[in-house]
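Reader: Could you take me through one part of this model at close range, the strands and the aromatic rings around them? I'd like a connected account that I can follow with the structure open.

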Amino acid sequence: HCNVPGGSDRTFASELYRKFSAPRRGSNFKNLQPQQEKHARFNATNTQQAQQKFTVVHYAGPVEYSIAGFVEKNKDELPKGASDLLLSSLSPLVQTLARNITSAKAKAPTASSKK
């Protein structure tokens, strides 16, 4: 969701809860798809979901994460200097890849452009 155009904290949270949370009471377990099964190290109580939070159980113990700003903070963007270096490559393949990366980056909405 970090590099998906239009990806937001809310859609990221929904996807996490859908994929990794335990099924709610009263759900029809026969219709669960494999990706909807609970992950042993993921937990999100109803209270946490209402606050857009989740817990991951690490080797040292449980750590609670807040989804607020998660997508924006975790965008992996190529620094401008690296883009320029790739664009100046003698390899046509590397130049093409660099153009694709820079044009996709220019088209992707940022948090500041959504306000």
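Author: Strands S2 and S3 form a hairpin, with two residues between them. S2 covers residues 53-58 and S3 covers residues 61-66; the two run antiparallel and are joined by six bridges. At one place in this pairing, Lys-53 stands opposite Ser-66 in S3. Strands here are DSSP runs of E with at least two residues, while helices are runs of H or I with at least four, both numbered from the N terminus. Two strands count as paired if DSSP finds at least two bridges between them.

A word on the source: this is a predicted model, in which local features need pLDDT of at least 70 and side-chain atom pairs count only at pLDDT 80 or more, while totals for chains, interfaces and linings use all residues. Residues are numbered from 1 along each chain as its sequence is written, and side-chain values use heavy atoms, with hydrogens and water left out.

Two bridges join S1 to S2, and Phe-42 stands opposite Val-56 in S2.

Phe-42 and Val-56 also belong to the largest nonpolar core, which has eleven residues, Phe-54 and Phe-70 among them. Such a core is a set of buried Ala, Val, Leu, Ile, Met, Phe, Trp, Tyr and Cys residues joined through side-chain atoms within 4.5 Å. Buried means under 20% relative accessible area, exposed over 50%, and partly exposed in between (1.4 Å probe, protein chains only). Helix H1 (9-20) gives the largest share of this core, four residues.

Now for the rings. Those of Phe, Tyr and Trp (its six-membered ring) pair if their centres lie within 6.5 Å; planes under 30 degrees apart are stacked, over 60 edge-to-face, and the rest tilted. The count comes to five aromatic pairs. Phe-20 and Phe-42 have ring centres 5.7 Å apart and planes at 50 degrees, so this pair is tilted. Because Phe-20 lies in helix H1 and Phe-42 in strand S1, the pair ties together parts 22 residues apart in sequence. Phe-20 is partly exposed at 29% relative accessible area, whereas Phe-42 is buried at 6%. For Phe-54 and Phe-70, the centres are 6.1 Å apart and the planes at 70 degrees, so the pair is edge-to-face. This pair links strand S2 with helix H3, 16 residues apart, and both of its members are buried.
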